[in-house]
Amino acid sequence: MAGASLAVPLFDAAPARHVSATTLDQYAEANRALWQVFATARTKALTLPLVRDQLSTLTSHLGAAQTEQAHRQLCGLIADLLQLAGEIHFDGNRYGDAAQSYSTAASAGREAAAFDLWATAMVRHSFLSLYDGKPAEARPLLEAAERLAQRGDTQLATRHWVAMVQAQALSALGDFDGCQRALDVAEQVNGARSPGGWLRFDSSRLPEERGACYVQLQRPDLAEAVLTEALSSPMSARRRGSIQVDLATVAVQQRDADRVVDHVRRALAVAEETGSGWVSRKLQGLRPQLTPILDDQRVRQLAGQI
């Protein structure tokens, strides 16, 4: 419904109630509150009914006569909220629903002329290819996001987040030098604004993201220290579970069965407690890598649990 409503030309909008600036501000505050609920919820799917209610409210105004400014602001709020819907679907391993949410979010961001919102929707869409083991398919989306971010607010951390995800794609493709260059851009994030919600990238995320890149590049000598550093910071259970999977992968690369068992058990506990499809998918990706140490009975049992 949001996608269809976005396609209605503004000059053809039916005469009806128009939304006031005060109401739009209230909707923006509601969006921010929903992102906070998502961030603190142990099970992300529980947020979805609230998001759908808010999205229904926002889209109901699209058919009404609006000023161009109000229309763009409304489209920006929809782009914001659809990215949250996509994150919920992504965490639940519902990639088809996530793709539809991100695609419509990008359309709404374009309609709003909000280049940063548009860019972050493209970045999130690229995650679907990255976590599906198809990093080459993610690169065109990230290149488009990079061009959009250059037209956005230079005070925001959008371009730094784009660079970090580009580093992930390049590491998955085995491009060490390209990954390092992208990481260098991402690490210039200090001083850039990150409003939260649809853009949450800041310097606190650098260690875990850099470590994940080094894991992909099969450089356990570089990965372990930064991932351990990342675990010392406050973070969500979902992020902590992801880092445990990365540390388990480092231990596999070093053929250290004891540490593999410890980290996999911790990641499984997070996956079971939160129902996070993101952590579960990372564990599924780890399972084939356990083959060289399956002679250890504990590792065999954990592979079965995965």
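Modeller: Glu-29 is partly exposed, with a relative accessible area of 45%; here buried means under 20% relative accessible area, exposed over 50%, and partly exposed in between (1.4 Å probe, protein chains only). This is a predicted model, in which local features need pLDDT of at least 70 and side-chain atom pairs count only at pLDDT 80 or more, while totals for chains, interfaces and linings use all residues. Residues are numbered from 1 along each chain as its sequence is written, and side-chain values use heavy atoms, leaving out hydrogens and water.

The side chain of Glu-29 meets that of Arg-32 in a salt bridge of 2.8 Å, N to O. A salt bridge is a side-chain nitrogen of Lys or Arg within 4 Å of a carboxyl oxygen of Asp or Glu. Both Glu-29 and Arg-32 belong to helix H2 (residues 21-40), three residues apart, or about one turn of the helix. Helices (H or I, at least four residues) are DSSP runs, numbered from the N terminus. Arg-32 is also partly exposed, at 44%.

Another salt bridge joins Arg-200 and Glu-87 (3.2 Å, N to O). Arg-200 lies in the loop between helix H9 (176-186) and helix H10 (206-216) and Glu-87 in helix H4 (residues 68-91), so this pair ties together parts 113 residues apart in sequence. Arg-200 is partly exposed at 25%, whereas Glu-87 is buried at 9%. Salt bridges also link Glu-87, Arg-124 and Arg-200 in a network.

The structure holds 19 salt bridges.

How values were computed: Helix = DSSP H or I, 4+ residues; strand = E, 2+ residues; numbered from the N terminus.
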